[in-house]
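Hi,

I'm handing over the structure we talked about, and you'll find it just below. Could you have a look at it first and then read my notes?

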Amino acid sequence: MQRRTFLRLTLATGVSLALAGCGFRLRGTGSAALPFTSLAVDGTGDDVSRLAIERLQAAGVSVDEAAPQVLNLGSEAFGEQRLSVLDSGRQEYDMTLSVPFSVQRRDDGAYRLAQQHVEVQERFTLSSNNLLSEDDRREAVRRRLRQKAVDQLLDRLRALDGQ
């Protein structure tokens with residue numbers, strides 16, 4: 001009985017050392033806090049801007065016009081490409097959302113992050129048998145893309161130091 005326990009512990013230790021040696025790390029072990037206490041958001045008022053403000057406030061960042069740094073958000077741009085060839089039956093599409101953004105210091109106007117784009121995409125299918133649900137399906141994909149884009153935006157903001 002003791003030999004089995006010893007073998008299990010040895011095997012578990014060996015596997016964990018091998019994974020640690022190759023650089024494996026579980027996701028989410030880094031800091032989730034944003035490096036800002038306050039941030040001004042200059043956006044176009046579209047859904048991505050509103051969602052970004054909500055998520056920043058939920059993360060404990062005060063969205064204030066007098067903040068020392070400004071997050072400049074451009075207009076969201078959706079693109080849709082049809083991937084299937086046939087006009088009937090199941091049709092496959094690829095939808096892409098691109099949002100330009102930058103982070104700028106208010107006092108000297110220097111860019112902390114020069115103009116970049118967050119770009120996310122999702123592949124989905126529509127059926128020609130259910131034409132009434134196509135708009136609902138597209139809108140659901142747009143909502144998911146906006147959420148993914150804001151997630152990526154916040155990840156990029158986390159990479160900045162708090163200065």
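**Salt bridges**

Arg142 counts as partly exposed, at 24% relative accessibility (buried is under 20% relative accessible area, exposed is over 50%, and partly exposed lies in between, with a 1.4 Å probe and protein chains only). Please keep in mind that this is a predicted model, in which local features need pLDDT of at least 70, side-chain atom pairs count only at pLDDT 80 or more, and totals for chains, interfaces and linings use all residues. Residues are numbered from 1 along each chain as its sequence is written, and side-chain values use heavy atoms, with hydrogens and water left out.

The partner of Arg142 is Glu139: the two form a salt bridge with their closest N and O atoms 3.8 Å apart (a side-chain nitrogen of Lys or Arg within 4 Å of a carboxyl oxygen of Asp or Glu). Glu139 is partly exposed too, with a relative accessible area of 31%. Both residues sit in helix 3 (residues 134–158), and because they are 3 residues apart there, about one helical turn separates them. Helices here are DSSP runs of H or I with at least four residues, strands are runs of E with at least two, and both are numbered from the N terminus.

A second pair in helix 3 has that 3-residue spacing: Asp155 and Arg158, again separated by about one helical turn. Their side chains meet in a salt bridge at 3.0 Å, N to O. Asp155 is partly exposed at 48% relative accessibility, and Arg158 is partly exposed with a relative accessible area of 27%. Elsewhere, salt bridges that share partners tie Asp47, Arg50, Glu76, Glu139, Arg142 and Arg146 into one network.

Asp108 and Arg105 make another bridge, with the closest N and O atoms 3.0 Å apart. Asp108 has a relative accessible area of 48%, so it is partly exposed; Arg105 is partly exposed as well, at 30%. In total, the structure holds 12 salt bridges.

**The chain as a whole**

There are 3 helices and 6 strands in the chain, and from the N terminus on the order of elements is α-β-α-β-β-β-β-β-α. The chain has 163 residues, of which 32% count as buried.

**Helix 2 against helix 3**

How do the axes of helix 2 and helix 3 cross? The axes of helix 2 (residues 47–58) and helix 3 come within 10 Å, at a crossing angle of roughly 50° (axes are lines fitted to C-alpha atoms, for helices over the stretch in contact, and angles run from 0 to 180 degrees between N-to-C directions). The two helices are therefore oblique to each other (under 35 degrees is roughly parallel, over 145 roughly antiparallel, 65 to 115 roughly perpendicular, and the rest oblique). Helix 2 passes helix 3 in a right-handed crossing (the near helix is turned clockwise from the far one by less than a right angle).

On the helix 2 side, the contact is made by Asp47, Val48, Leu51, Ala52, Arg55 and Leu56, and on the helix 3 side by Arg146, Gln147, Val150, Asp151, Leu153, Leu154 and Leu157. These residues divide into 8 nonpolar, 1 polar and 4 charged (Ala, Val, Leu, Ile, Met, Phe, Trp, Tyr, Cys and Pro count as nonpolar, Asp, Glu, Lys and Arg as charged, and the others, Gly among them, as polar).

Leu97 is in strand 5 (residues 90–105) and is buried, at 0% relative accessibility. Beyond its neighbours within four places in sequence, Leu97 touches residues including Val48, Ala77, Phe78, Val120, Leu145, Arg146 and Ala149. Its C-alpha atom is 5.6 Å from that of Glu119, 22 residues away along the chain.

Ser49, in helix 2, is buried at 4% relative accessibility. Apart from its neighbours within four places in sequence, Ser49 is in contact with Gly43, Thr44 and Leu73.

Gly109 belongs to the loop between strand 5 and strand 6 (111–127) and is partly exposed, with a relative accessible area of 30%. Gly109 and Gln69 are 40 residues apart in sequence, and 9.1 Å separates their C-alpha atoms.

Best wishes

Terms used:
Contact = heavy atoms within 4.5 Å.
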